[in-house]
Amino acid sequence: MGKRLSGCNLSERSCDALSSVLSSQSSSLKELDLSNNDLRDSGVKLLSAALQSPHCTLETLRLKDCDLSKISCDYLAAALKSNPSHLRELDLSKNNKLQDSGVKHLCGFLESPGCELETLRLKDCGLSEISCDYLAAALKSNPSYPRVLDLSGTYNNLQDSGVKQLCVLLENPRCRFETLRLSHCDLSERSCEALASGLSSQTSNLRQLDLSNINLKDSGVKLLSEGLKSPHCTLETLR
């Protein structure tokens, strides 16, 4: 059962009612989409109270473009650490006030041994290369998840050094990384060198790679091609 309430002109007061539903013993809600609503941190705080409930079995939570800041990540991480096993997809895209400090809070959840999050979307969240450091460190301790990581967007200034940190994960034999989206990020051809190394790793499981709208140049594609030639490369989709 799912509820799609995207763009319904909701405020944080709606989260109070939804929180009551999610924590109800009879709740069967698996998907909740509240994107494009002015929920703010106060709304997420109310939702987070329900996520801690043992009766909450939500698998997909979408909060895209809800005017959230790093405090929302603190609330979500604390709640999900206490009830981590159900959530499979979390979308916090287009909340450009989350920033690196928000990702740091979120990594507390990703490190949790019970975390089985498969998809994490952080498109246009005001991130820098420091977020890649946090994510890489967290995923080393729980490398099976997530499988899909979206860090795309012009508001994410990951730089080549950030991508290099992420590529180290591809060489982790326990890593199950399958999709990496970096479109519109301010990267150069140097990122392709790190990606090629990751793609040619014997342990790489990457199936989809999105490098759209990046100034890679011919030299970047030449470097990337070295990884594609590898017999260990498992890539199926390259954008």
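Which residue forms a salt bridge with Asp 67? The partner is Arg 40, with the closest N and O atoms 3.8 Å apart; a salt bridge here is a side-chain nitrogen of Lys or Arg within 4 Å of a carboxyl oxygen of Asp or Glu. Arg 40 lies in helix α2 and Asp 67 in the loop between β3 (60-62) and α3, so the pair ties together parts that are 27 residues apart in sequence. Helices (H or I, at least four residues) and strands (E, at least two) are DSSP runs, numbered from the N terminus.

Please note that this is a predicted model, in which local features need pLDDT of at least 70 and side-chain atom pairs count only at pLDDT 80 or more, while totals for chains, interfaces and linings use all residues. Residues are numbered from 1 along each chain as its sequence is written, and side-chain values use heavy atoms, with hydrogens and water left out.

Arg 40 also meets Asp 38 in a salt bridge, at 3.1 Å from N to O. Arg 40 is partly exposed, with a relative accessible area of 42%, and Asp 38 is partly exposed at 34%. By this scale, buried means under 20% relative accessible area, exposed over 50%, and partly exposed in between (1.4 Å probe, protein chains only).

Elsewhere, Glu 226 forms a salt bridge with Lys 229, their closest N and O atoms being 3.2 Å apart. Lys 229 is exposed, at 61%, whereas Glu 226 is partly exposed, at 47%. Shared partners join Glu 31, Arg 62, Glu 89 and Arg 121 into one network of salt bridges. The whole structure holds ten salt bridges.
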